[in-house]
Amino acid sequence: MTATAGRVLRQLTHDPRTVALLVAVPVLLITLLRYVFDGAAGTFDSIGASLLGIFPLITMFLVTSIATLRERTSGTLERLLSLPLGKGGLIGGYALAFGAVAVVQSALATAVAVRLLGLDVVGSPWLLLLVALLDALLGTALGLFVSAFAASEFQAVQFMPAVIFPQLLLCGLFTPREAMHPVLETISNVLPMSYAVDGMNQVLHHTGVTGDFVRDAVVVAGSALLVLCLGAVTLRRRTP
């Protein structure tokens with residue numbers, strides 16, 4: 001598992017465009033958002049924390065799904081699975097590698113938002129970083145999972161409207177979830193991104209760790225672990 005993680009990280013270091021997408025794009029997006037609401041600092045404070053978790057989730061989903069699919073279509077995955085390496089160990093290796101990148105990504109985005117862009121949070125920035133990291137790991141898990149159902153990189157990208165966009169619309173970012181149609185509110189209650197946004201809002205408005213924050217963090221972490229397990233079950237050796 002650690003050997004797989006090391007190999008993936010070495011491959012990433014030779015792909016500067018992917019590194020830029022993973023590390024720089026969330027920072028650029030949160031910076032752009034700050035100056036979009038330059039005349040309304042309160043608006044940036046209210047949605048900036050939520051997007052601080054959503055942006056890493058989306059970028060990790062895209063990069064992980066495409067990178068894993070590329071491993072399978074090139075035959076690398078088939079060769080690896082011919083070794084004494086189980087699917088769980090392989091998925092764990094990918095999760096470790098992209099999880100390490102997620103730590104850097106989340107730390108950088110959180111530091112820029114709080115220290116340079118003046119994101120005003122009542123709670124600890126470390127809690128903000130924790131939720132951002134969990135969101136990035138969830139994006140990694142979702143990317144690993146959907147890559148099993150794609151036959152090309154284009155198809156992997158096509159999963160984004162089906163997997164990410166509904167969660168983005170129903171997570172409570174645009175309107176409170178309790179104000180939605182009851183059917184949509186019920187659906188939003190089982191989507192992990194909803195709890196990611198709720199966790200960010202808990203840090204935004206409370207000085208300490210609340211029970212709701214613990215619930216939100218556990219749900220996001222549990223969802224990531226569940227999806228990783230599903231990814232190990234559905235992983236195929238190669239694409240026909």
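By class, how many nonpolar, polar and charged residues does the lining of the largest pocket have?

Tutor: The model is a predicted one, in which local features require pLDDT of at least 70 and side-chain atom pairs pLDDT 80 or more, while totals for chains, interfaces and linings use all residues. Residues are numbered from 1 along each chain as its sequence is written, and side-chain values use heavy atoms, without hydrogens or water.

The lining of the largest pocket comprises nine nonpolar, two polar and four charged residues (Ala, Val, Leu, Ile, Met, Phe, Trp, Tyr, Cys and Pro count as nonpolar; Asp, Glu, Lys and Arg as charged; the others, including Gly, as polar). This pocket holds about 370 Å³ of space. Its lining numbers 15 residues, of which Leu12, Asp15, Thr18, Ala67 and Arg70 are the closest to the centre. Two or more lining residues come from each of α1 (2-13), α2 (16-36), α3 (41-73) and α5 (87-116), with α3 giving the most, six residues. A pocket here is an open set of points on a 1 Å grid over the protein atoms alone where a 1.4 Å probe fits, with protein on both sides within 12 Å along at least five of seven lines; lining residues have an atom within 4 Å of a point. Helices are DSSP runs (H or I) of at least four residues, numbered from the N terminus.

The second largest pocket has a volume of about 170 Å³, and its lining has 10 nonpolar, two polar and no charged residues. Among its lining residues are Gly92, Leu134, Thr140, Val220 and Leu228. At least two residues each are supplied by α5, α6 (125-146) and α11 (211-234); α11 gives the most, with five.

Key. Grid points are joined across faces, edges and corners, and a volume is the space filled by probe spheres set on the points.
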